2 protein chains.
Amino acid sequence: MANFKPSVPKGTRDFSPTEMVKRNYIFDTIKSVFKKYGYQEIQTPSMENLDTLTGKYGDEGDKLIFKILNSGEYLNEPKKKLFDFGAEENSARLVSLISEKALRYDLTVPFARYVVMHQNDISFPFKRFQVQPVWRADRPQKGRYREFYQCDADVVGSESLLNEAEFVLIYDEALRKLGLTNFTIKLNNRKILSGIAEIIGKPELIVDMTVAIDKLDKIGLDGVIKELLDRGFNDTDIDKLKPVILLEGSNEEKLRSLKQVLASSETGLKGIGEIEQIFGYVHQLSASGIGPSALNLQLDITLARGLNYYTGAIFEVKANNVSIGSIGGGGRYDDLTGMFGLKGLTGVGISFGADRIYDVLEELKLFPESTEETTKVLITNFDSEAEKFALPILAQLRAQNISAELYPASAKLKKQMSYADGKNIPYVILIGSEEIQSGLLTLKNMKSGDQEKLTINSIVEKLA
Amino acid sequence: MANFKPSVPKGTRDFSPTEMVKRNYIFDTIKSVFKKYGYQEIQTPSMENLDTLTGKYGDEGDKLIFKILNSGEYLNEPKKKLFDFGAEENSARLVSLISEKALRYDLTVPFARYVVMHQNDISFPFKRFQVQPVWRADRPQKGRYREFYQCDADVVGSESLLNEAEFVLIYDEALRKLGLTNFTIKLNNRKILSGIAEIIGKPELIVDMTVAIDKLDKIGLDGVIKELLDRGFNDTDIDKLKPVILLEGSNEEKLRSLKQVLASSETGLKGIGEIEQIFGYVHQLSASGIGPSALNLQLDITLARGLNYYTGAIFEVKANNVSIGSIGGGGRYDDLTGMFGLKGLTGVGISFGADRIYDVLEELKLFPESTEETTKVLITNFDSEAEKFALPILAQLRAQNISAELYPASAKLKKQMSYADGKNIPYVILIGSEEIQSGLLTLKNMKSGDQEKLTINSIVEKLA
């Protein structure tokens, strides 16, 4: 036992006090903005019935769902005797015999299940947010974990593009509150992509088209053209696509060009109309009159994420001055709850990539100093006389809502100082015989090293 | 598919927006008190390696651990071919072949694992709190769930009884902040129980003794005596035990009697000394000079919870005016981390029963009204002109940090009012053609039904 080295399962993490304060700062900031826009928090169980999850994430996704072993003596039923593990098809069969629950894979399917189960108690449009961990049996690698938090807001039961506009503002407000300024909120619309494929006369190749165009940043125009040719487009198509791919200028200029290109596509023009209306809402909602460009809102028709899923707006947020890419994304979907039998409920949602935002704030040193502090002040403890003197002082500090500690046993100064250092405690009150006699306590600022002699009332005032 | 009725696994729950606000109110209140006393939050992964958990909770506990199926094609290895499910011993063998991870069963073992893994980064004494769900494959019943939150604070690496005293204050402060006044914090000490068993000359029967005495409330003195006789005590023992069981009066009176009874037991007297010291600390720390009795702190020598585990202080908190019993408990333990190879680290910890506290607050109607509100104000939407007029108002409200919504589409008044009702929105701003012309908006108080005409600035002022 003494040689047993404890560890955590691969792809999972412990969060230390310092990390927790920073993580809570991110989550609390985002949640406060969600609430300000009328979103309400829900939580769903960590485990769902397996049949709630299976088939919702494609074959690859299904394999990555963590299944939970049934409890009890499920293996002793006679009908299950002698099982041939060698036969590949038995693997899936066995799982169905011994597991009927699984850990949630995302927050979207549980949300859909929630809406259907509680539809009679919900006031639609239903604006909910949810911040909970999800689990995926992915191969762990840098920045990819098997347990990680998702941070989602969705509204279902409203077609209004006001929702899309408000998500732009929610992204903007939350990220600015976190101290980020250099980010871009990218907006596209599935209908514009459909229009483009339609104009070229190859609507069936819309996915190939967007997959190729999406890589412009990485492989350049020549690379994109090569990939388009590989994927079934010809030179005539490329000529038509080029001006779209290379679309430049302000949002207004892009929209003007697109309107010409898509003049004959009803769907395409509808997509443009939606984008314009979202821009309009954003403009009117920007309190001080700042327009979309000041919000770093950018039409980007190469944006395609989750194309099979989204039917209208597509969002993505990028941090611009760091290597980390997308820190958020989302879009509009039709029929979220159809999989559970409730048809025709449209919705739109966004997600914040909390782990990546954490890395960005760390890289740019944007965490405020307060996220490193825990206890505000430590009172030293050198002997029982000093301890007795310290107790009412400790009580007085806490009565003023100041987070305070008395070192719980008499110990050497060095040990107590290193405790304060280890916990990032910014102030220490030193109580020796001199202090007890004079009633003037020594307050040490741990950052500057400065010491002053103060009455307890002055200390309370200073720290409150 | 249309007939598939979604459900959640038995013993698990969804939490609606209203429930979430109330749950967060409880957790946030308790966390704020933990922090004030210098406790820092950590989180551990939901899953632990199976060998971290197995053997820590007894045979019964091991059976209640939710195991996670390995991912991948673990079933196709030839050596595992042909497995006889009929043989009972194979059940455990199969589990070991197909599962190496499990969901955490409590927060204590993961905490011990955390301390050992991160011992070089921790400043001892380490004061941590942790609020996370745990999972148990218990038979679900009223008030008992398969997924529920635990809410723990522990300090390890400090023998000081100041820690025990502060836990008493933490219980008191947190519960009072939640509006509870009629509760009792019960305190006992394992050493007193050992001393009693020693005096009687049957130290080996300490568990039988405490199990019996613990039932005094339920089965009365005669019942306890009968059970003691059944469990191996004789009439002479009972004569010695009676005055201890029937100990009455103030804490001071109880301690005085106990000192006489335990005069010849070194261990027993040590336990009494510890209790006295804790009372002394509590007294000195009660800012306004309130002593232990005003804190509802009560010595209760029948208190025995977790006896096999605790070595010093034992805590339990009871809500007095409701049917629900214990809403918290804890104690001091030695050697928390010994199971992971780090010997000799003493600790003491407490736990809040959040689900039960929720039920108590609900039963006593102690949740503040603010826990029912979400969005502060809804702006109605009757047509596109009114919507356009409303947008800057919406922006102005939010700029003042007022949680506000515009109904996202034009709809009948009744529908919008019922939306506001469903979300417990306390105010509605009505905007019709009259309001647009005059600039005076109608603010409706949804609780009283009162309406007033106000400028937007007055409304902002009123709601801020």
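Predicted model: local features only at pLDDT ≥ 70, side-chain atom pairs only at ≥ 80, totals over all residues.
Reader: What makes the relation between chain A and chain B that of a two-fold axis?

Author: Chain B is superposed on chain A by a rotation of 180° with 0.0 Å of shift along the axis, and the RMSD is 0.1 Å. That is the relation of a two-fold axis.

Reader: Which residue of chain B comes closest to the rotation axis?

Author: That residue is B:Ile68, whose C-alpha lies at 2.2 Å from the rotation axis.

Reader: How do you know that the copies meet through the same surface?

Author: Of the interface residues of chain B, 99% are also interface residues in chain A, so the copies meet through the same surface.

Reader: Why is α7(A) called roughly antiparallel to α12(A)?

Author: Helix α7 (residues 190-200) of chain A packs against helix α12 (residues 266-285) of chain A at an angle of about 150°, and their axes are 7 Å apart. Angles over 145 degrees count as roughly antiparallel, and therefore α7(A) is roughly antiparallel to α12(A). The crossing of these two helices is left-handed.

Reader: What makes α7(B) roughly antiparallel to α12(B)?

Author: In chain B, helix α7 (residues 190-200) and helix α12 (residues 266-285) pack at an angle of about 150°, with their axes 7 Å apart. The limit for the term is 145 degrees, and angles over it count as roughly antiparallel; α7(B) is therefore roughly antiparallel to α12(B). α7(B) passes α12(B) in a left-handed crossing. Among the residues that meet there are B:Lys191 and B:Glu198 in α7(B), and B:Thr267 and B:Glu274 in α12(B). By class, this contact has 3 nonpolar, 5 polar and 5 charged residues.

Reader: Why are β13 and β16 of chain B called edge strands?

Author: The two strands belong to an open sheet of 5 strands in chain B, with the order β13-β12-β14-β15-β16 and mixed pairing. β13 (404-406) and β16 (451-454) each pair on one side only, and they are the edge strands. From one strand to the next, the twist averages 25°.

Reader: How do you know that β15 of chain B pairs with β16(B)?

Author: Pairing requires at least two bridges, and 4 bridges join β15 (residues 441-445) of chain B to β16(B). The two strands run antiparallel. B:Leu441 stands opposite B:Leu454 in β16(B).

Reader: What joins β14 of chain A to β15 of chain A?

Author: Strand β14 (residues 427-430) and strand β15 (residues 441-445) of chain A run antiparallel and are joined by 4 bridges. A:Val428 stands opposite A:Lys444 in β15(A).

Reader: What do β15(A) and β16(A) form, and which residue in the turn has a positive phi?

Author: β15(A) and strand β16 (residues 451-454) of chain A pair in the antiparallel sense over 4 bridges, with A:Leu443 opposite A:Glu452 in β16(A). The two strands form a hairpin with 5 residues between them. In the turn, A:Gly449 has a positive phi of about 85°.

Note on methods. Residues numbered from 1 in each chain as written. Chains lettered and ligands numbered in written order. Heavy atoms only, no water. Least-squares fit on C-alpha atoms with pLDDT ≥ 70 in both. Contact = heavy atoms within 4.5 Å. Axes fitted to C-alpha atoms, helices over the stretch in contact; angles between N-to-C directions. Parallel < 35°, antiparallel > 145°, perpendicular 65-115°, else oblique. Left-handed = near helix turned anticlockwise from the far one by under 90°. Nonpolar A, V, L, I, M, F, W, Y, C, P; charged D, E, K, R; others polar.
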